[in-house]
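Visitor: I would like to learn how to read a few features of this structure. Could you show me the model and then take me through them?

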Amino acid sequence: MKIFYDENIPYANDFFSEFGELIAFSGRDLTAEYVKDADVLLVRSITKVDQKLLHLNNKLKFVGTATIGFDHIDREYLSSRDVTFTNAPGCNAVSVAEYVLSSLLVLSQQHNFKVTDKTIGIVGGGNTGSGLTKKLDALGIKYLMTDPVLEQFGDTRKFSSLDDVLECDIISLHVPITQHCEHATYHLLNSERLSKLSTDQILVNACRGEVVDNKALLSLKQQGLGPLLVLDVWENEPNILLPLINHCELATTHIAGYSLEGKSRGTEMLYLALSKLLNKPITKQLSMYLPNADFSALAGKGSELLDVIIDRVLHVYDVRRDDQILRNQLGDKTFDYLRKNYPVRREFSALVLGAEAKYAQQLQQLGFNLNNSSK
C-alpha cells in the first residue's frame with residue numbers, strides 16, 4: 001500500500017508506517033502525475049482534492065485531511081468513486097481558542113482594558129466556537145453566540161442574531177466557508193456589515209479569510225474607521241492583501257490551530273479512521289509521541305486572578321511572537337514558507353502546575369495541567 005502524505009502532517013511516519021510505504025509531498029505542489037499510484041492520500045487545507053488531481057489514479061481507497069475544514073475536498077467526486085473520506089473535526093479547537101485568548105489578553109495590556117469586562121460575540125457554534133466558550137466560561141466572560149445552521153438543526157443552546165453578536169465588544173469568527181446556500185459565510189462580513197463596526201470594537205478572524213471582505217476592510221481602515229483587528233486568516237492565501245497587515249493589531253500566517261497538539265490530533269484522527277477502514281487494531285495514541293514541554297520558570301508577577309492567568313497564558317503562548325514573525329519575515333520569506341517552518345508551540349495543557357498553585361482550580365478549568373507537584 002502506498003500512502004502519500006503532506007510533509008507538514010506531524011508524526012505521519014509514527015502512525016502510518018505499519019500500513020505500507022510512505023511518500024511525502026509538498027501540499028501546494030501536488031500533481032496528478034505524482035499521486036497517480038496512491039492508495040491513501042493524506043492532506044492539509046492547502047491541497048485541492050478533486051477530479052483534476054485524481055484523474056490519473058484508479059487505486060485510491062482513502063482520503064483524509066488532517067484539518068477541521070474540508071472546503072478543499074470535492075466530496076461528491078470521492079463518493080462517486082467510492083473513496084472513503086474523513087476530516088479531523090475538533091482537532092485544533094483548543095489551539096484556536098488559546099490563540100484567541102492570547103490575542104485578547106495582549107490587546108487588553110496594549111489598550112488598557114480588562115477582558116473580563118467585555119462581552120464577546122462568537123460567530124459559529126461548532127467545535128472551534130464551542131472550544132472558545134469553554135475558555136470564556138473559565139474566566140467568567142460573558143458571550144453571545146450565533147449559528148443559524150445549528151439552531152435550525154435543533155441545537156438547544158441559546159443563540160443570538162448575527163446583528164446582536166456584531167454589536168458585542170469583541171467579535172470572534174469561527175465558521176467554515178460556504179457559498180450559494182441559505183446561510184452562506186463567504187463575505188459574511190461585507191462592506192455594509194463592516195461599516196457598522198466601531199473603532200472601539202475588536203474583530204478576530206481565525207477561521208477562513210474569505211469570511212471577511214478584505215478589500216472592504218482595508219478601505220475602511222484606510223479611512224481611520226473600523227474595529228481593532230486580529231487576523232490569522234486572509235483572502236486569497238498565500239497571495240494576501242499585504243497593506244492590510246499594517247492596519248492589524250496582531251497579524252499571523254494562518255497558524256491559530258498550529259499548536260503541536262492541534263496538528264498532531266489531526267494525524268491521530270486520520271490514523272483511527274484508516275485503521276477502522278482496514279480493520280486493523282488500534283495500537284497507537286498521540287501521548288506516545290508528544291514530547292514533554294520545556295518551559296522557563298514562571299515569574300509569578302501578579303497576585304490577582306486575572307494577573308495570574310495572563311502570566312501563565314502568555315508564558316505558554318504569546319501571540320506577539322507569531323505577529324513579529326509575519327511582520328519581520330514576510331517578503332524575505334513566503335507566506336507558505338512561514339507556515340511550513342512554524343516554530344513549535346504548545347497548548348496550555350503542556351504546562352504542569354502544582355495542586356497548591358494559586359488559583360489552581362481556575363487554571364485547570366482554563367486548560368492547564370494540574371499535578372501534585374510542579375515541574
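Guide: Let us begin with contacts, meaning heavy atoms within 4.5 Å: Phe368 touches Arg312, Val313, Val316, Phe348, Ser349, Leu351, Leu353 and Leu363, leaving aside residues up to four places away in sequence. This is a predicted model, in which local features need pLDDT of at least 70 and side-chain atom pairs count only at pLDDT 80 or more, while totals for chains, interfaces and linings use all residues. Residues are numbered from 1 along each chain as its sequence is written, and side-chain values use heavy atoms, with hydrogens and water left out.

Visitor: Which residues touch the most other members in the largest nonpolar core?

Guide: A nonpolar core is a set of buried Ala, Val, Leu, Ile, Met, Phe, Trp, Tyr and Cys residues joined through side-chain atoms within 4.5 Å, where buried means under 20% relative accessible area, exposed over 50% and partly exposed in between (1.4 Å probe, protein chains only). Here the largest has 48 residues, and Tyr99, Leu104, Ile202, Val313, Leu366 and Phe368 touch the most other members.

Visitor: How many disulfides does a search of the whole structure find?

Guide: A disulfide is a covalent bond between the sulfur atoms of two cysteines, counted when the two sulfur atoms lie within 2.5 Å. The search of the whole structure finds 0; for Cys207, the nearest cysteine sulfur, that of Cys181, is 14 Å away.
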